[in-house]
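Load the model in a viewer and keep the selection panel at hand. The stops below are taken one at a time.

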Amino acid sequence: MIKYLLSLVLTVISVSLFAQLPSIGLGAGPQRTFEGKIIGVLLDSLTKEPIEFASVGLYEQGKESSVDGVLTDGGGNFKLKNLRNGIYRLSITFIGYGVKNIDSLRISEKVSTLNISKILLAPSTNLLKETTIEGEKALIETKIDKLVYNAEKDITSKGGNATDVLRKVPMVQVDLEGNVMLQGTQNVKVLINSKPSALTAGSVADAMKMIPADEIEKVEVITSPSAKYDAEGTGGIINIITKKKNIHGFSGMVNAGAGTRSSNLFGNVSYRTGKLGTGLNFGGFGYSGKGDLLATRTTPYSALRQEGDNNNTGIGPYGQFTLDYDFTSKLNLNSSLRVNDFSNHTKGTTDNYFSFNGSPYRKLFTSEYDTKTDGLNYDASIDLKQTFKKSDQELVLSGQLTNSDRNTDYDVTRLLDSLPAYPILESSLNKSGNREMTLQLDYTHPFSKVVSIEGGAKTILRKVKSDYNTKRFSYIADEYLTDLSRSNVFNYDQDIYAGYLQLSATVKKWGFKGGVRYEHTKLEGGIGDNSSSVSNEYENYIPTATVSYTRATKFSLKLSYTQRIQRPGLTYLNPYVNQSDVSNISYGNPKLSAEKSQSFEFGWNWFRKFGSINTSVYHRFTNNAIEGIRFVDTNDVYVSTYDNIGKNYSTGASIGLNVMWKMKVFMGSNFNIYYYKVESTGLTTELQNDGINYNVSLYGSYKFGKSWGIQAFGNFNGPKYTVQGSSTSFWYYNLSARKEFKNEKGGIAFGVDNFATWYMHFKSNYTGDGFSFDSDNKVFFLGARISFDYRFGKMEFGAGKKKKGIKNDDMKDDNSDQNGGMMNGGK
């Protein structure tokens, strides 16, 4: 009944909304330009002192998209120039002050310059406004519900990919294999432009390699999502925002980077005329790596030592087309289509030495493996937004279709020392896919300037499929024969119906945001002919609440509580057995159920003109937790899989410091430490582990005049604990310099990574019932790169339109590359 009601509501409202659309026309062409100017000075209304670094945005009267913007200088002065004829509105904001709007500013041939001599800005009592350390936009900004890392200000990542950017984001940890953690958990939902993406439906680690760092504008970290967000992601949400422009006329950009570990080439072009805007992004990337492996596994009766090396390469082209259209000043359409192709290739050799009952090690065989992963992904989305007389009142209807195809195949040759003429030949292919259809409706209604309510409904229809086939060569038949015990088809359908209601209010210096979300989940799936062996249906009520207190220009406090759930994704469910290393295999668990967590967070932000100090203390506990488990089976094979093991707890704190001096020196540090404890309750063997995890990062930059700048970054990650062991610490650092062209339309950058320590050792240790496992992956980490970017066309532009659309935050994605336990190499 619930799903039919939600579907009916969405259908009726969407039909009614579309019925009101006016006839589509391209509207008038661009107006004749004119060299207009608006100048002024900004003062504190109480002290009459100039306000420095305030943001002055310029809008066409009646429209929501800014066309230009500047910051006030040390005397509070600002100047907006090269303006065409028209009627404009100024919107002025600064930390701890209210928003100042000045309407009906007319530029014409008769009056080309407007001088607003004194603008008085009053201190604010609206405590739910975002707290941002401004200036030239700071590298890190703290807002009431999220932390923002402005990647476009980071030149050390030029020529890299999203993995390099995420390593520098406060509270985020990324290990050498690209696995992403947030405040001590890998249960993180990664969004791209506030939407789920087919890119992250498979491996998040692989997806991050597919996004060039130069394409990223900023990264938003949301540790306590409100009821508006899907309830998935027990650790929170990481939202990667790519660069967008809203330019009248034609413009574009090209960027190329080449390095020892990765290279990329991409560009974009955009065109806007009247009410219509289009854009095209295109490009590709490539990367390579190499590494060495040493691993040892022992049991009471045997021991295995593996020594090997591998080479890893990857490549991926992509393209994205966007279109937006303003039917009226209050009705806007945004749509996009993004297509990515991805291919990863790993080749290596592993020598296998065995010891039985204490005898000396003896090599029994050598494995030569060739593993390929490729997939074609696409995201198609459309958002229709209607605003009303009140600027904050809006209705948004969104639809999205995503598809991710991921094919994994390997060929293995096992050369037996005792029988070299007849090697064991094996080939395996796994074709997997994840398709989602989503329909979403959101409505925001402000009752007054201090009270507003939000509500919405959402439906996600998800289909997962994994078709796997394994063959072995038969010397008798002289051909490859299918191994029926390791070949089958897995189908899994997941339907989610959700609704939410949320209230926001401010009372003097206090702010409140609270709500509840309802989600109904229906599961159906199975292996082969037994298509209904996995069947379940459940519902969740998810409350969230945030209370804040702010002293203007001094500090802000925040206390939040939220519940989250985590449904397993394809990698966790896929029963396909990866035996590329016959001594170490891995597979998913189709019987996994969702985990549920509760978290508390207290934040304190202290800010001054020179910068800010941001702190948070948090506690999270999870029931029915999904964890990776390892054991040795009866055939003396090391197995890696997943299970709902029981409970885990995380208690920690993060501290961030950001300093700015004379717009030339930027420095900062971030420190995160947490205590992690995990214990099993439902397994035959009781497992328990705990430990202290930490990571610290330091960065700084200096500008030499207007054209040259240097930047340095360093990161140290402490041990990471799991239910059966831990991985050791590692570090990462780089140094970069950038030269801007004289016309300020581009520049060239140079960078080096880990120049004093060319190789990194990624060590891990796991223990269980009757076994211990130790590994040391030695990865080549020295990197050098050069990048070039150039912008062409009209250069006056404002921020893109704020888009509200679909955010499918509801699945536990693959944040690991679990491919047998002993063959993870130079990635």
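Are arginine 297 and aspartate 636 buried or exposed? Select both and show their side chains: arginine 297 is buried, and aspartate 636 is buried too. Bear in mind throughout that this is a predicted model.

Keep that pair on screen. A salt bridge joins arginine 297 to aspartate 636, with 3.3 Å between the closest N and O atoms. Arginine 297 belongs to strand β17 (residues 276-298), whereas aspartate 636 sits in the loop between β32 (611-632) and β33 (638-661), so the contact ties together parts that are 339 residues apart in sequence.

Next, go to the open sheet of four strands, whose order is β3-β2-β5-β6 and whose pairing is antiparallel. Colour β3 (66-71) and β6 (100-107) separately: these are the edge strands, and each pairs on one side only. From one strand to the next, the twist averages 25 degrees.

Zoom in on β2 (residues 55-60) and its partner β3; the two run antiparallel and are joined by five bridges.

Glutamate 60 lies in strand β2 and arginine 84 in the loop between β4 (77-83) and β5 (86-93); the two are 24 residues apart, and the pair links distant parts of the chain. Both residues, arginine 84 and glutamate 60, are buried.

Now move to arginine 738 and glutamate 740. The side chains of this pair also meet in a salt bridge, at 2.8 Å from N to O. Glutamate 740, at 25% relative accessibility, counts as partly exposed.

For the last stop, select Arg414, Glu426, Arg472, Asp483 and Arg486 together. Salt bridges link these residues in a network.

How many salt bridges does the structure hold? The total is 16.

Key:
Residues numbered from 1 in each chain as written. Predicted model: local features only at pLDDT ≥ 70, side-chain atom pairs only at ≥ 80, totals over all residues. Heavy atoms only, no water. Pairing = 2+ DSSP bridges. Axes fitted to C-alpha atoms, helices over the stretch in contact; angles between N-to-C directions. Salt bridge = Lys/Arg side-chain N within 4 Å of Asp/Glu carboxyl O. Buried < 20%, exposed > 50% of the residue type's maximum accessible area, 1.4 Å probe, protein only.
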